[in-house]
Amino acid sequence: MSGKLYLVATPIGNLEDITLRAIRVLKEVDIIAAEDTRHSLKLLNHLEISKPLISYHRHNEEIKTDGLIEKLIDGQNIALITDAGTPAISDPGEFIVKKAIENNIEIIPVPGACALVNALICSGLDTKEFAFYGFLPINKKLRNNKFEELKKENKTIILYEAPHKIVATLNDIYKYLGDVNIVLARELTKIHESFIRGNVSKIINEIDQIKGEMIILIEGNAIEEVNENAELSIEEQYELYEKQGLSKNEIIKKIAKNNGVKKNDIYMQFLDK
Ligand code: SAM
């Protein structure tokens, strides 16, 4: 009988963020495939787990996958871990999962820390609907296309970014999307964990002092395809929503969406309301 492939989430900073099940699975499997074996050894030593480790990262995953699949077919159980967080989310995992499916191998998620989820839940932005775009492309044309896509996105946008590229990406956000409301979720679960909220221009001015691992969240673009009530004047729309019992903030958000303008512009018109 084939072995099982476990995708095991590991901490994103605080070593306490590993589940009892993850520890048990890591103790029970035959092999652990790790993105960076030296990095993962620190966690495994901390958990007093000693197992054969196989290096499995972005640059060797296509070569290494066949060997791992053979071992799974031979009946060995394998856990895949990455440097931090949940495998296959902007990390190795997707490729071997597809191959495992082709080979009828059982795949088992072992949930735990995932940076994007923790950034989102504390962001204060809309959590009902969100769009995760991972790392933006570096290639100029592809990056430009991606920003064109982001312009149309009306859900909360979540981006991963490397610390040394944060400033460039914030500048691009300002250039393509305007002075949007963003949140930087920084150093999650670590000593310097913080959430920096505000318009992107304000945050760019503060960025010198902002260091560490970060996730960028952008408030959903207020422009909607369907211009609900757009035939009414802005004042009439305000009155209508007020009668419906919406709060001032909700009204402004709706009018901005209906008319394809920034919330701040509407807000300025109704300062005295
Ligand atoms: N698979 C991982 C996950 O989803 O949890 C993410 C791995 S991805 C290679 C690394 C990126 O995740 C970083 O560049 C950063 O944007 C984000 N990240 C990871 N750990 C973080 C932390 N502790 N605080 C803030 N962002 C973090």
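A salt bridge here is a side-chain nitrogen of Lys or Arg within 4 Å of a carboxyl oxygen of Asp or Glu. Before using that, a word on the ground rules. This is a predicted model, so local features need pLDDT of at least 70 and side-chain atom pairs count only at pLDDT 80 or more, while totals for chains, interfaces and linings use all residues. Residues are numbered from 1 along each chain as its sequence is written, and side-chain values use heavy atoms, with hydrogens and water left out.

**Stop 1: the whole thing**

Zoom out. The C-alpha atoms fill a box of roughly 70 × 40 × 40 Å along the principal axes. Switch to cartoon and you have 11 helices and 10 strands to look at; these are DSSP runs numbered from the N terminus (helices: H or I, at least four residues; strands: E, at least two). Now colour by domain: domain 1 is 4-113, domain 2 is 116-221 and domain 3 is 224-269, with bounds from an automatic or database domain assignment. The C-alpha centres of domain 2 and domain 3 sit 26 Å apart.

Of the 273 residues, 42% count as buried. Buried means under 20% relative accessible area, exposed means over 50%, and partly exposed is in between (1.4 Å probe, protein chains only).

**Stop 2: salt bridges**

There are 11 salt bridges in the structure. Start with Asp172 and Arg143, whose closest N and O atoms are 2.8 Å apart. Asp172 belongs to helix H7 (166-177) and Arg143 to helix H6 (140-151), so this pair ties together parts 29 residues apart in sequence. Both Asp172 and Arg143 are buried. While you're at it, select Glu187, Lys190 and Glu213: salt bridges with shared partners join them into one network.

Next, pick Lys99 and Glu102, which meet in a salt bridge at 4.0 Å, N to O. Both are in helix H4 (94-102), three residues apart, about one turn of the helix. Is Glu102 buried or exposed? Glu102 is exposed because its relative accessible area is 57%, whereas Lys99, at 25%, is partly exposed.

Then try Lys128 and Asp126, a salt bridge at 3.4 Å, N to O. Lys128 is exposed at 72%, and Asp126 is partly exposed at 31%.

**Stop 3: the ligand**

Where does the backbone come in? A polar backbone atom of Met214 is 2.6 Å from a ligand oxygen. Ala115 puts a backbone N or O atom 2.8 Å from an oxygen of the ligand, and Ile12 has one 2.9 Å from a ligand nitrogen. Taken alone the ligand exposes 580 Å², of which the protein buries 92%; areas come from the Shrake-Rupley method with a 1.4 Å probe.

**Stop 4**

Select Gln76, in the loop between helix H3 (61-73) and strand S4 (78-81). Gln76 is partly exposed at 27% relative accessibility.

Last, go to Leu271, in the segment after helix H11 (263-269). Leu271 is partly exposed, with a relative accessible area of 49%.

Terms used
A polar contact is a pair of N or O atoms within 3.5 Å; within protein, one must be able to donate a hydrogen and the other to accept it, and residues adjacent in sequence count only if both atoms are side-chain atoms.
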